[in-house]
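Subject: Structure handover

Hello,

Please find the structure below, for your own work on it. My notes on what was found follow.

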Amino acid sequence: MSLVQNFPFFSIIIAMFSGILSLALPGKRARDLSIAAILTVTVMSGAVMVFCMGTGESYTYMMGHFPAPWGNEIRAGVLEGLTAMMFGIVMLLSVVGGLDHTYEDVEGTKLNLFLSWLI
């Protein structure tokens, strides 16, 4: 199994841990962590899309010991990679574009709480 085939699982783990970590960080560092997590997951989604375009077929990543419907499986292909990458791009542009309004609307001590659910 190639490393790129593990990227859908890594994307879930990165999103979960960065959301938890940003709760403990001050506002500016939580912002940087959120933007880095979104950018990393977007790049990983693009890598999955390129990998699936190169092989010409999709694959299924089984999480755990049981296949679906009893266990969890993630299907990754060109369409899934493209959708995840476009979603990440839109989310990254929205977060970066709305930072000025975020600083005006959210109190400075609660910025990390706002950014923790954003991921």
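Where is the place of Pro-69? Pro-69 sits in the loop between S1 and S2. The peptide bond that joins Ala-68 to Pro-69 is cis, with omega at about 10°. Please keep in mind that this is a predicted model, and that every value here is computed from it.

Overall layout

The protein chain contains five helices and two strands. Taken in sequence order, these elements give the pattern α-α-β-β-α-α-α. Along the principal axes, the C-alpha atoms fill a box of roughly 45 × 30 × 20 Å. Of the 119 residues in the protein chain, 34% are buried. If you count contacts between residues at least 6 apart in sequence, 69% of them join residues at least 24 apart.

Helix packing

Two helix pairs are described here, and H2 belongs to both.

H1, which covers residues 7-24, packs against H2 with an angle of about 175° and a distance of 10 Å between the axes. Angles over 145 degrees count as roughly antiparallel, and H1 is therefore roughly antiparallel to H2. On the H1 side, the contact is made by Phe-7, Pro-8, Phe-10, Ser-11, Ile-14, Ser-18, Leu-21 and Ser-22. The H2 side supplies Ala-30, Leu-33, Ala-37, Thr-40, Val-41, Met-44, Ala-47 and Val-48. By class, the contact of H1 with H2 holds 12 nonpolar and four polar residues, and no charged ones.

H3 spans residues 78-97 and packs against H2 at an angle of about 155°, with the axes 8 Å apart. H2 and H3 are therefore also roughly antiparallel to each other. Their crossing is left-handed. From H2, the residues in this contact are Ile-35, Ile-38, Leu-39, Thr-42, Ser-45, Gly-46, Met-49, Cys-52 and Met-53. From H3, they are Val-78, Gly-81, Leu-82, Ala-84, Met-85, Gly-88, Ile-89, Met-91, Leu-92, Val-95 and Val-96. The contact of H2 with H3 divides into 15 nonpolar residues, five polar and no charged.

Ser-18 lies in helix H1 and has a relative accessible area of 4%, so Ser-18 is buried. The C-alpha atoms of Ser-18 and Ile-38 are 9.5 Å apart, while 20 residues separate the two in sequence.

The nonpolar core

The largest nonpolar core is made of nine residues: Val-4, Phe-7, Met-44, Val-48, Cys-52, Tyr-59, Tyr-61, Ile-74 and Ala-76. Helix H2 (27-55), strand S1 (59-63) and strand S2 (72-76) are the elements that each give two or more residues to this core. H2 gives the most, with three. As general background, nonpolar side chains in soluble globular proteins tend to be buried together.

Tyr-59 is found in strand S1. Its relative accessibility is 10%, under the 20% limit, so Tyr-59 counts as buried. Leaving out residues up to four places away in sequence, Tyr-59 touches Val-4, Gln-5, Pro-8, Val-48, Phe-51, Cys-52, Ile-74, Arg-75 and Ala-76. The C-alpha atoms of Tyr-59 and Arg-75 are separated by 5.9 Å, with the two residues 16 apart along the chain.

Ala-76 is in contact with Pro-8, Val-48, Cys-52, Ser-58 and Tyr-59, when neighbours within four places in sequence are left aside.

Pro-8 is found in helix H1. At 15% relative accessibility, Pro-8 also falls under the 20% limit and therefore counts as buried. Beyond residues up to four places away in sequence, Pro-8 touches Val-48, Tyr-59, Ile-74 and Ala-76. Pro-8 and Ala-76 are 68 residues apart in sequence, and their C-alpha atoms are 7.5 Å apart in space.

Regards

Conventions
Residues numbered from 1 in each chain as written. Predicted model: local features only at pLDDT ≥ 70, side-chain atom pairs only at ≥ 80, totals over all residues. Heavy atoms only, no water. Core = buried A, V, L, I, M, F, W, Y, C linked by side-chain atoms within 4.5 Å. Buried < 20%, exposed > 50% of the residue type's maximum accessible area, 1.4 Å probe, protein only. Helix = DSSP H or I, 4+ residues; strand = E, 2+ residues; numbered from the N terminus. Contact = heavy atoms within 4.5 Å. Axes fitted to C-alpha atoms, helices over the stretch in contact; angles between N-to-C directions. Parallel < 35°, antiparallel > 145°, perpendicular 65-115°, else oblique. Left-handed = near helix turned anticlockwise from the far one by under 90°. Nonpolar A, V, L, I, M, F, W, Y, C, P; charged D, E, K, R; others polar.
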